[in-house]
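Please look over the sequence and the three-dimensional model that follow, and keep both at hand while reading.

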Amino acid sequence: MAECRRVDSNSRSSSSNPTMDKSITLPPDEIFRNLENAKRFAIDIGGSLTKLAYYSTVQHKVAKVRSFDHSAKEATSDKLYEISVQEEVTARLHFIKFENAYIETCLDFIKDHLVNTETKVIKATGGGAHKFKDLIEKKLGLNVDKEDEMTCLIKGCNFVLKNIPHEAFVYSKHADTEFRFQTTHPDIFPYLLVNIGSGVSIVKVESEDKFERIGGSSIGGGTFWGLGALLTKTKRFDELLQLASKGQHTNVDMLVKDIYGGSYGSLGLTGDLIASSFGKSATVDKEFSKEDMAKSLLHMISNDIGQLACLYAKLHNLSRVYFGGFFIRGHPVTMHTITYSIKFFTKARLSLKLYIFHRNEVFLCFFKSLFSFQGEVQALFLRHEGYLGAIGAFLKGAEEDNPNQYSWGENFAGSSGLMSISPDMNPMQRARSGTFDMLEMDRLERQLVNLPLLLDPSSYIPDTVDLTRDAPAREYWLYCFQEALDGVVKRAVASQPDMPEATERAEKFRQKYRQKLEAFRHQPCVYGSLTVRSLLDTREHCLNEFNFPDPYSKIKQRENDMALKYYQRVVESLEKLSWEERQYALAKGVLAGNVFDWGAKAVSDVLESDPEFGFEEAKKQLEERPWLVDSYNQWLQRLKGPPHKCALFFVDNSGVDIILGVMPFVRELLSRGTEVVLASNSGPALNDVTNGELQILTERIAVMDPVIQSGLQEDRLTLIQSGSSSPCLDLSRLDKVLAMVVRERKTDLVIIEGMGRAIHTNYFAKLSCESLKMAVIKNSWLADRLGGKLFSVVFKYEVPEEKPGPGSVALTLL
């Protein structure tokens with residue numbers, strides 16, 4: 001979150017509101033980023049907060065590889081390909097949230113920095129859009145085009161649910177972690193949106209463009225604010241919630257035990273249940289504290305909303321209920337009371353004899369059925385619920401560009417994330433004045449979809465360990481990434497030797513990523529569930545932010561050139577072996593190649609100190625069988641059967657890994673009659689091989705190897721980018737083209753290689769076809785936790801719908 005400093009409010013006059021403090025100093029590089037390239041605007045103005053949205057084009061550096069023509073004069077080069085850093089333009093969405101008190105200064109800032117825009121209209125929504133219409137038009141010279149508030153909310157909600165994997169969460173105040181993030185179902189529809197503003201609107205959403213307001217209430221956030229102000233003389237909404245967080249409602253509310261001396265068993269009512277909100281105020285002759293009255297009021301409003309939401313969810317057979325609106329605003333106390341209410345009413349049962357009058361028969365029978373179900377409805381909240389209206393208004397204005405045809409990803413380097421504003425956890429954030437929240441979304445080059453072979457996409461969770469819940473693991477990995485920072489900075493500078501300013505940019509990267517690590521320590525849920533994957537991805541985002549697209553490019557180039565010299569020798573040695581010996585050597589070769597991972601400190605230290613460490617040395621490092629997880633015997637038996645039709649292979653590292661480990665394994669599959677699809681990263685991450693590099697490497701290998709050459713020529717060997725730029729792998733966000741090829745070729749085997757893709761992610765992934773996961777554990781802390789040692793082996797072969805054999809031992813990761 002970016003802090004903005006207030007200065008003397010009398011230094012400038014306000015023509016629209018004399019009390020408006022509009023004189024603040026804004027750090028433009030931290031808040032209104034890339035404003036000079038803004039193309040389109042939208043704004044959502046509520047009762048106290050303004051949310052601004054705009055689209056910009058971002059120019060950044062990308063690493064490109066180009067093959068040398070070895071048949072021409074370029075053949076004198078020892079290198080297989082050249083690396084160049086080029087400029088590329090991509091699209092980015094910016095969303096900024098701030099208090100209405102700052103709106104005039106923000107508009108002035110935008111006006112002063114806005115250049116070369118063809119925008120003539122700004123889309124506006126929210127109750128304050130009319131109030132500030134004249135001010136916006138005067139300051140920006142744009143025509144305000146007001147959009148329907150509910151339509152914008154729905155469009156915004158659909159957008160974040162589809163594009164941000166850890167958007168929705170369940171709030172559990174007394175659990176080890178407050179936030180439990182949910183796996184987004186591939187089909188987000190239908191769902192119920194309960195928008196709690198001044199009143200309550202309950203909306204059933206069935207598709208992108210089909211939704212219906214099915215109910216609501218006049219008792220909502222405005223009721224809490226209004227009655228709270230009368231009871232406590234507190235005018236600010238956030239201060240009222242702060243009072244409630246310190247109160248004890250039982251001092252004001254009448255409980256069941258206050259009436260009956262205990263529980264009311266025949267009705268299933270516990271003694272601590274509220275029988276009458278504010279019930280004691282009529283019978284007890286004493287003054288009640290502001291805190292207790294605020295807490296009682298909050299429970300009364302929340303219970304009413306929770307009951308309504310449950311009734312409508314059951315009536316329309318919906319289990320996904322999302323809550324939003326200014327009443328929520330990420331406040332722990334409101335999320336807790338809503339959650340408690342939903343849990344109570346979904347688990348409630350009626351065991352009454354109902355004496356039904358004829359005219360009420362339908363209603364009472366329906367009412368009885370509603371309370372006979374258990375646990376079907378969850379109170380779900382959204383990390384970015386405050387931005388829904390602005391996102392929707394922007395999408396309405398951008399329909400001609402059809403932003404929904406693309407996939408978008410949250411840019412962790414430029415987004416505030418979910419920061420707790422609990423007064424106990426982070427007191428500074430209680431003073432919301434001067435605090436700006438930011439969300440940035442980058443348009444991805446590829447449209448991302450689920451892997452068609454996931455057994456149950458709705459229950460798929462990529463990450464093996466949730467660091468949010470595992471405190472010892474969290475502390476270790478945060479320390480690990482902190483310690484690795486110097487090495488990353490060093491390699492980033494070395495990757496751009498001809499750019500004098502690289503050192504300065506690398507130091508800015510260091511500062512930015514260190515700030516992110518501190519944010520993770522304070523609030524692990526800042527970008528959803530904290531995992532090794534999110535730590536790696538955040539680092540990649542920060543590197544790209546400061547124009548270091550591929551810090552390991554020179555290392556990869558050197559290792560690829562070196563490994564190619566040994567390829568024919570490795571293949572010849574394999575062909576001399578018997579069939580069964582060769583299968584073991586191939587498996588061991590993939591594992592030995594996987595040792596060459598510059599993302600693992602134990603390996604990078606060896607590679608930097610011992611340049612002679614090679615393929616054969618790596619084989620000697622591997623543990624002897626039986627391996628830590630050892631399904632090799634089952635895999636060997638399967639190979640004695642008919643060949644697979646098509647194997648999808650997610651590859652890992654450049655150099656020895658892909659050339660001497662993976663490619664011989666691939667040629668064996670091709671020789672068996674199996675088609676192979678090699679899926680590699682779309683963009684750089686650590687020393688992982690990218691699709692551009694793999695294309696060049698495979699063409700060079702094909703010149704030396706007729707098996708690989710015929711595979712390419714006959715279209716039995718296909719190279720496709722995965723859609724990922726991460727050392728880990730999310731099978732729910734893959735390139736749409738890859739998914740189509742997998743389906744068309746009737747893929748019946750998925751191979752996942754590497755610690756990031758097969759252990760940190762996807763170890764427990766269930767597929768509808770056979771799978772083989774191979775990795776070497778190159779972290780001593782992780783190895784010790786798994787009951788192994790450094791360079792322990794995971795070789796996990798699985799067949800769907802069958803119980804694992806004796807060798808398929810599950811790691812005790814969790």
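Is Phe345 buried or exposed? Phe345 is buried, because its relative accessible area is 13%, and buried means under 20% relative accessible area, while exposed means over 50% and partly exposed lies in between (1.4 Å probe, protein chains only). Phe344, with 30% relative accessibility, therefore counts as partly exposed.

Before going further, note that this is a predicted model, in which local features need pLDDT of at least 70 and side-chain atom pairs count only at pLDDT 80 or more, whereas totals for chains, interfaces and linings use all residues. Residues are numbered from 1 along each chain as its sequence is written, and side-chain values use heavy atoms, with hydrogens and water left out.

**Aromatic rings**

A search of the whole structure finds 37 aromatic pairs. Rings of Phe, Tyr and Trp (its six-membered ring) pair if their centres lie within 6.5 Å, and the planes count as stacked when under 30 degrees apart, as edge-to-face when over 60, and as tilted for the rest. Two of these pairs are set out here.

| Pair | Centre to centre | Between the planes | Arrangement |
|---|---|---|---|
| Phe344 and Phe345 | 5.0 Å | 80° | edge-to-face |
| Trp627 and Tyr632 | 6.3 Å | 75° | edge-to-face |

In the pair of Trp627 and Tyr632, both residues are buried. In a like manner, the charged end of Arg505 sits over the ring of Phe548, 4.6 Å from its centre. Elsewhere, one aromatic cluster is formed by Phe169, Tyr171, Phe179, Phe181, Phe323 and Phe381.

**The chain and its cores**

The protein chain has 26 helices and 28 strands, where helices (H or I, at least four residues) and strands (E, at least two) are DSSP runs, numbered from the N terminus. Of the 814 residues in the protein chain, 57% are buried. Contact means heavy atoms within 4.5 Å, and among contacts in the chain between residues at least 6 apart in sequence, 74% join residues at least 24 apart.

In soluble globular proteins, nonpolar side chains tend to be buried together. A nonpolar core is a set of buried Ala, Val, Leu, Ile, Met, Phe, Trp, Tyr and Cys residues joined through side-chain atoms within 4.5 Å. The largest one here has 128 residues, and those with the most contacts inside it are Leu535, Phe650, Phe665, Leu678, Leu731 and Phe795. Helix H21 (residues 656-671) gives the most to this core, with 10 residues. A second, separate core of 45 residues includes Leu192, Leu308, Ile342 and Ala379.

Where does Thr468 lie? Thr468 is in the loop between strand E20 (448-449) and helix H11 (471-483), and with 7% relative accessibility it counts as buried. Apart from neighbours within four places in sequence, Thr468 is in contact with Thr177, Arg474, Pro524, Cys525, Ser529 and Leu530. A polar contact is a pair of N or O atoms within 3.5 Å; within protein, one must be able to donate a hydrogen and the other to accept it, and residues adjacent in sequence count only if both atoms are side-chain atoms. Such a contact, of 2.8 Å, joins the side chains of Thr468 and Asp466, and a polar atom of the Thr468 side chain lies 2.9 Å from the backbone nitrogen of Leu530.

**Points of the backbone**

A cis peptide bond, with omega about -5°, joins Phe189 and Pro190, and Pro190 is found in the loop between strand E10 (179-181) and strand E11 (191-196). The peptide bond from Arg625 to Pro626 is also cis, with omega near 0°. Although Lys746 is not a glycine, it has a positive phi of about 55°, and at 56% relative accessibility Lys746 counts as exposed.

Definitions and conventions: Lys NZ or Arg CZ within 6 Å of the ring centre and 35° of its normal.
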